[in-house]
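Please look over the sequence and the 3D structure below before reading on. The briefing that comes after them is meant to be read with both in view.

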Amino acid sequence: MSFEYKEINGVLALKSSILENESGVDHFYSTRKGGTSEGIHDSLSFRYTGNTADSVHENFDIAAKVIGRSFRDIVRTQQVHRDKVCEVKGGTGYRIVALDNDGLVTNVKGVVLSGFYADCQVLLFYDKVNEAIGLCHSGWRGTALDICKKTMDKMAELYGTKPEDLLVTIGPAICQDCFECDRDVYDAFINNFGEEMEQYFIMKGVKYHPDITAITIHRLKMHGVKAENIDASGICTLHEDENLYWSHRRTGNNRGVHGAFITLK
């Protein structure tokens, strides 16, 4: 398993081998390269704040074409750092936002599920047995609320998905060394998941450093996803070249956001 950069129509796209090898699905995680935005959003940004709507919409269309779709096929999370997962029904159309959620699932071919990141994880799910996909935005709050399980549960409820049939990818996100936080983050994980979470934290002075990706992998496996079916990029959005990735920890709100995209063929 591995991630690889591929230049497609001028976009530098990051793809996972476990999904790239599947004929029924297409996906990618974006970098900064290949869009139309300027300034701090240069160039493939999907953030409306501080950017023009026309540029964001054009960037959506550019991104959709990477996986053979169009702007009107995209449904995006609102991302409120909670654990609500919504089903996307019906055909395609002009539906950029699904409100008040951090997760989306569908079994409708042609729909593009999308979520966004600039340090937080975005997970992509593919059930090739039942031909269904899912996506969730999983920052530390969503991870502590077990949004990965709630995405899997929604797919099981609606499509009959079994954990052992899922392929799951975890995109670029802030690493343990870079993610400095306070006691409240530690307490959230201990209170929700128990003392086993202690192994995923290290201390540097008075600050806590959680390994959110390792916690996510642990939770996925605990809920029945096979280890060989989980692919994590290992790319840190803060460590990586700032010309390639935005990081909220690096520049705060003076940044764009990246997108993750998945569609059934």
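The model is a predicted one, and in it the protein has seven helices and 15 strands. The radius of gyration is 17 Å, close to the 18 Å that the globule rule gives for 265 residues, so the protein is as compact as a globular protein of that length.

**Overall dimensions and packing**

- Taken along the principal axes, the box that the C-alpha atoms of the protein fill is roughly 45 × 45 × 35 Å.
- Of the 265 residues in the protein, 56% are buried.

**Surface and charge**

- The protein has an accessible surface of about 10900 Å², and carbon and sulfur atoms account for 45% of that area.
- There are 30 positive and 37 negative side chains, and the centres of these two sets lie 4 Å apart.

**The seven-stranded sheet**

- Seven strands, in the order β1-β2-β3-β15-β8-β4-β6, form an open sheet in which the pairing is mixed.
- The edges are taken by β1 (3-8) and β6 (97-98), each of which has a single partner strand, so one side of each is left without a neighbour in the sheet.
- Strands of a sheet pair through backbone hydrogen bonds, and this pairing may be either parallel or antiparallel.
- β1 pairs with β2 (residues 11-16) in the antiparallel sense, over six bridges, and Ile 8 has Val 11 in β2 as its bridge partner.

Conventions:
Residues are numbered from 1 along each chain as its sequence is written. This is a predicted model: local features need pLDDT of at least 70, side-chain atom pairs count only at pLDDT 80 or more; totals for chains, interfaces and linings use all residues. Side-chain values use heavy atoms; hydrogens and water are left out. Helices (H or I, at least four residues) and strands (E, at least two) are DSSP runs, numbered from the N terminus. The radius of gyration is taken over C-alpha atoms; the globule rule is 2.2 Å times the number of residues to the power 0.38. Buried means under 20% relative accessible area, exposed over 50%, partly exposed in between (1.4 Å probe, protein chains only). Accessible areas come from the Shrake-Rupley method with a 1.4 Å probe; for residues, only the protein chains shown count as cover. Lys and Arg count as positive and Asp and Glu as negative; His and the chain ends are not counted. The place of a charge is taken as NZ of Lys, CZ of Arg, CG of Asp or CD of Glu. Two strands pair if DSSP finds at least two bridges between them.
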